[in-house]
Amino acid sequence: GFWLPSFVVEKRRAAWRRRIEIAIPDALDFMLVCVEAGQSLDLAAQRVAVELEAVHPDLALRFQVLTKSLAAGAERQDAFNHLAQSTENDDLRQFATLVVQSATMGTQVAHSLRVFAADLRDRRVRKVEEKAAVLPTKMSLGTMMFTVPPLLILLLAPSVYRITQLL
């Protein structure tokens, strides 16, 4: 009973992080569309918070907190860094750094977002490919375990029966 609460909390926390991780590419793609349509980054973040609430409520809540802190007058760098820290996600940490550097250097946020979203999609595909590459190894163990023993029984049973009949 002592370990159960921490185990349950850790499982829920891991599930929450996984939901955030799954939602990030969708949020960044939608933010890219908004920024390319001419909206400011603050307005795009607000739009992402509203539109993704039905699909990804966990990340939408984090973006709502971000937009409220920006509306309250917080520094953009602090608000985006708080978004990254509250989710404990490396992708959002990189996103916060990207936004801050784009604002500092004066580069277009849309171009930086496009490159970052493409990189994020590539990383996602690579993760899936890595999992798919391990699959044949895992399947071969199961195949050996469930195929070889019945095959041996089928092949050796007649011989064992004949030997027992002779004795």
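My entries below go from ground rules to core, surface, salt bridges and a few single residues.

**Ground rules**

I am working from a predicted model, in which local features need pLDDT of at least 70 and side-chain atom pairs count only at pLDDT 80 or more, while totals for chains, interfaces and linings use all residues. I number residues from 1 along each chain as its sequence is written, and my side-chain values use heavy atoms, with hydrogens and water left out.

For burial I use relative accessible area: buried is under 20%, exposed is over 50%, and partly exposed is in between (1.4 Å probe, protein chains only). This core has 33 residues, and Met31, Phe63, Phe80, Phe95 and Leu113 touch the most other members. The top contributor is H1, with nine residues. My helices are DSSP runs (H or I, at least four residues), numbered from the N terminus.

Next I picked Leu113 and listed what it touches. Contact here means heavy atoms within 4.5 Å. Not counting residues up to four places away in sequence, Leu113 touches Leu28, Met31, Leu32, Val35, Leu41, Phe95 and Leu98.

**Helix H2**

Which residues of H2 are buried? I get Leu41, Ala44, Ala45, Val48 and Ala49. They sit on the same side of H2, because they cover an arc of only 140 degrees around the axis. That arc is taken from the directions from the helix axis to the C-beta atoms. Among what covers these buried residues I find H1, H3, H4, H5 and H6.

**Surface patch**

On the outside I noted a nonpolar patch made of Met144, Val148, Leu151, Leu152, Leu155, Leu156 and Val160, with about 640 Å² of accessible area together. The patch rule takes residues with over 30% relative accessible area and no salt bridge, and joins nonpolar side chains (Val, Leu, Ile, Met, Phe, Trp, Tyr) within 5 Å and like charges within 9 Å. The areas come from the Shrake-Rupley method with a 1.4 Å probe, and for residues only the protein chains shown count as cover. Met144 counts as exposed, because its relative accessibility is 52%.

**Salt bridges**

Side chains of opposite charge can pair when their charged atoms come close. My cut-off is a side-chain nitrogen of Lys or Arg within 4 Å of a carboxyl oxygen of Asp or Glu. How many salt bridges does that rule give? The count is 13.

Arg19 pairs with Asp58, with the closest N and O atoms 2.4 Å apart. This pair links distant parts of the chain, with Arg19 in H1 and Asp58 in H3, 39 residues apart. Arg19 is partly exposed at 43% relative accessibility.

Arg121 pairs with Asp29, with the closest N and O atoms 2.9 Å apart. Here too distant parts of the chain are linked, Arg121 being in H6 and Asp29 in H1, 92 residues apart. Both ends are partly exposed: Arg121 has a relative accessible area of 38%, and Asp29 comes in at 24%.

I also logged Arg93 with Asp90, at 2.8 Å from N to O. These two are about one helical turn apart, because they are three residues apart in H5. Arg93 is partly exposed at 37%, whereas Asp90 is exposed at 54%. Elsewhere, salt bridges that share partners join Glu10, Arg13, Arg17 and Glu88 into one network.

**Single residues**

Is Gly38 buried or exposed? Gly38 is in the loop between H1 and H2, and it counts as exposed because its relative accessibility is 63%. I took its C-alpha distance to Ala110, 72 residues away along the chain, and got 9.5 Å.

Ser112 is in H6 and counts as buried at 15% relative accessibility. Leaving aside neighbours within four places in sequence, Ser112 is in contact with Leu98, Ser102 and Thr107.

Key. A nonpolar core is a set of buried Ala, Val, Leu, Ile, Met, Phe, Trp, Tyr and Cys residues joined through side-chain atoms within 4.5 Å.
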